[in-house]
Amino acid sequence: MRTILFSSRQYDVDTFTEANAAHGYELHFQESPLDTETAILAHGYDVVCPFVNDNVDAATLERLQAGGTRMIALRSAGFNHVDLAAAERLGMPVARVPAYSPYAVAEHAVGLILALNRRLPRAVARTREGDFSLHGLLGFDLHGKTVGVIGTGIIGRVFGRIMAGFGMQVLAYDPGPHADELIALGARYVPLDTLLAESDIVSLHCPLLPDTYHLINRAALAKMKRGAMLINTGRGGLVEANALIGALKDGQLGHLGLDVYEEEGGIFFEDHSNLPLQDDVLARLLMFPNVIVTAHQAFFTREAMTEIAQTTLANIAAWQAGTPRNVVQAG
Ligand code: NAI
């Protein structure tokens, strides 16, 4: 099975090569992102394995199919970067890795909360400079505060459990099934507006879908508790990035932790340290002392990477055997 991995880095080479010992597929690691222009590179490959910021739209899929590709094996949980309807029309199954390590993402969200609350980046920079003062580093106890979890799927449930462990009151919002394990820990399911109004920290763990696009926009930010913290480890498009700047400037938003950003494609996963940053909104966000941005690294633990590689290759094997699994349906 000839498989090409787009947007691949050395860590993909390492984990996929190790997992491939069980399959013996011909793997080709391509650094370029996948789009209509680069789809030609997949000519002659049965399976294409894109990453989260690749553009797998209808035109790209058509070119892939013309080049002989028959399956799309995503190495991510999210699938918002694929035109599923077009894939279905072209008869190309799209498989994903539904759960690799919910702990990786949930723990990173918690890391952002602790780093923001206790101003850890600032504190570390300060002690490195020989400044051992505490002014400007005042945080708050998480214990006794309220955290709002938007989306209580696999990751949101793990996150909610951890936060309950800190002694926080957990509020949850999810139009889907409610998580009994969170309710057993004292969590309350409430309407979205109630969650926004009552939470000291709001954390996003829902997928990016047409109805969750800009779920946190100017109006939603205005409904939040003044000075609250917003954490997004879901997808950039869940939050209207432009609206964040005004909310941070006037203090409505007290802290912001982003692992994903609406326009992260072409920026995240790359070293731009010698180049002027072209994205003015991101550049402005990075200037706020109460904002932390990480470059879509929440998934990036050893355990998650191993699981991602093993499941992606197992998805290909299942499809090859005529028993496809983890296939995402359009609609
Ligand atoms: P999941 O499918 O288990 O859970 C998603 C939950 O969101 C479901 O319970 C669903 O009912 C809920 N939901 C759907 N529409 C909603 C809405 N309008 N409002 C609130 N909740 C809604 O997914 P999982 O594995 O927990 O992942 C969640 C998201 O996290 C993924 O879709 C992906 O975008 C993101 N993610 C980010 C990573 C990172 O590295 N930053 C890594 C992995 C996932």
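**Close-up views of a predicted model**

**View A. Surroundings of His 296.** Apart from neighbours within four places in sequence, His 296 is in contact with Val 52, Arg 235, Asp 259, Val 260, Glu 264, Phe 268 and Phe 269, contact meaning heavy atoms within 4.5 Å. The structure is a predicted model, in which local features need pLDDT of at least 70 and side-chain atom pairs count only at pLDDT 80 or more, while totals for chains, interfaces and linings use all residues. Residues are numbered from 1 along each chain as its sequence is written, and side-chain values use heavy atoms, with hydrogens and water left out. His 296 is placed in the loop between strand S12 (291–293) and helix H12 (302–320); helices (H or I, at least four residues) and strands (E, at least two) are DSSP runs, numbered from the N terminus. His 296 is buried, at a relative accessible area of 7% (buried means under 20% relative accessible area, exposed over 50% and partly exposed in between, with a 1.4 Å probe and protein chains only).

**View B. Packing of helices H10 and H11.** Helix H10 (residues 241–249) packs against helix H11 (residues 280–287) at an angle of about 30°, and their axes are 10 Å apart. Axes are lines fitted to C-alpha atoms, for helices over the stretch in contact, and angles run from 0 to 180 degrees between N-to-C directions. H10 is therefore roughly parallel to H11 (angles under 35 degrees count as roughly parallel, over 145 as roughly antiparallel, 65 to 115 as roughly perpendicular and the rest as oblique). From H10, the contact involves Ala 241, Asn 242, Leu 244, Ile 245, Leu 248 and Lys 249; from H11, Val 281, Arg 284 and Leu 285.

**View C. The loop containing Gly 91.** Gly 91 belongs to the loop between helix H3 (84–89) and strand S5 (94–95). Gly 91 is exposed, with a relative accessible area of 56%. Between Gly 91 and His 81 there are 18 Å in space, C-alpha to C-alpha, and the two are 10 residues apart in sequence.

View D. Ser 7, in the loop between strand S1 (2–5) and helix H1 (10–19), has a phi near 50°, a positive value in a residue other than glycine. Ser 7 counts as buried at 12% relative accessibility. His 214 lies in the loop between strand S9 (201–204) and helix H9 (218–223); the phi of His 214 is near 55°, also positive in a residue other than glycine. At 17% relative accessibility, His 214 counts as buried.
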